[in-house]
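Time to open the notebook again.

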Amino acid sequence: EQGSSASTQQGADVLRSMAQVMFNRSSLDEVSDFERGQAKVVVYGMLYGMGDAALQSRLEQAANTSAAGQLLARSKSVSSGELRAAFRNAFPEATEYMQQIGTSAVLSNSASSIGGRYRQFASAATAEGHADSNQSQYAVRTQAISMAIQGSAADILKAAMCEVADRPTRPSWATTGNQDVINSSETAQGVIQPCYALVMCLHDELLFVVPDDASVIAETVAHLRASMERQAAAFDLRLPLPGSVKIGPSF
């Protein structure tokens, strides 16, 4: 989408920008946190193939956790159908893209991710013994969209993980012990290599442990951010993939 692309290029909050279009607000400042949250549920729900009942449940859960949502719920129920329609009207190109993925999957009984992973489906025309079943076609469409979007996101994150894991020289956890790894850094050809250890992947977040040293932390953050953000070019994406970093004493 042209508008969302421009916002992303400028470093704006993508979900707030999408909520601005969906709720017809004149500026980003007019978009409430509640509206951003509702837009987030709908955007992810549609991109990941969430059904109407599940999406409605998620919207109501989000509404019940905010004061603004509770006030709105008392005056008007939150409708997944209305918000789906708002998404389709606001983002026709994204809607067409998902329709194309679904149609292609029904015709070919397959879908693929950006990294080249391939998924085969049972024929939509004969799945579960129902000839040309609308239900089976719907299942293939939603699974294909999930493969194309969630599967591609997984491909990109895996590539980033492989890059950040391969680049620095890291002592062996088995031979040196955890504390030695955390408190060490190595020099190769006069360049200090950031010393860190990847300990967890949680959805789209990576958790690292690094030495408790301000200069090492700064170098490590710069190294990791650059490695992660390089994946946009590696996968020939038109939009950047900005990475955010949080630092703390524990996890």
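I began with aspartate 155, which is buried because its relative accessible area is 11% (buried is under 20%, exposed over 50%, partly exposed in between, with a 1.4 Å probe and protein chains only). The model is predicted, so local features need pLDDT of at least 70 and side-chain atom pairs pLDDT 80 or more, while totals for chains, interfaces and linings use all residues. Residues are numbered from 1 along each chain as its sequence is written, and side-chain values use heavy atoms, without hydrogens and water.

I found aspartate 155 in helix H8, residues 134–166 (helices are DSSP runs of H or I, at least four residues, numbered from the N terminus). Its side chain makes a polar contact with the side chain of serine 113, at 2.5 Å (a pair of N or O atoms within 3.5 Å, one able to donate a hydrogen and the other to accept it). Leaving out residues up to four places away in sequence, aspartate 155 touches Ser113, Ile114, Gly115, Gly116, Arg117 and Phe235 (contact is heavy atoms within 4.5 Å).

Next I turned to a helix pair. H3 (residues 33–47) and H6 (residues 80–90) pack at about 75°, with axes 10 Å apart (axes are lines fitted to C-alpha atoms over the stretch in contact, and angles run from 0 to 180 degrees between N-to-C directions). H3 and H6 are therefore roughly perpendicular (65 to 115 degrees). Gln38, Val42, Val43 and Met46 of H3 meet Leu83, Arg84, Phe87 and Arg88 of H6.

Last, I checked the cysteines. I counted 0 disulfides (cysteine sulfur pairs within 2.5 Å). Cysteine 162 is partly exposed at 39% relative accessibility, and cysteine 201 is partly exposed at 38%.

Notes. Helix = DSSP H or I, 4+ residues; strand = E, 2+ residues; numbered from the N terminus. Parallel < 35°, antiparallel > 145°, perpendicular 65-115°, else oblique.
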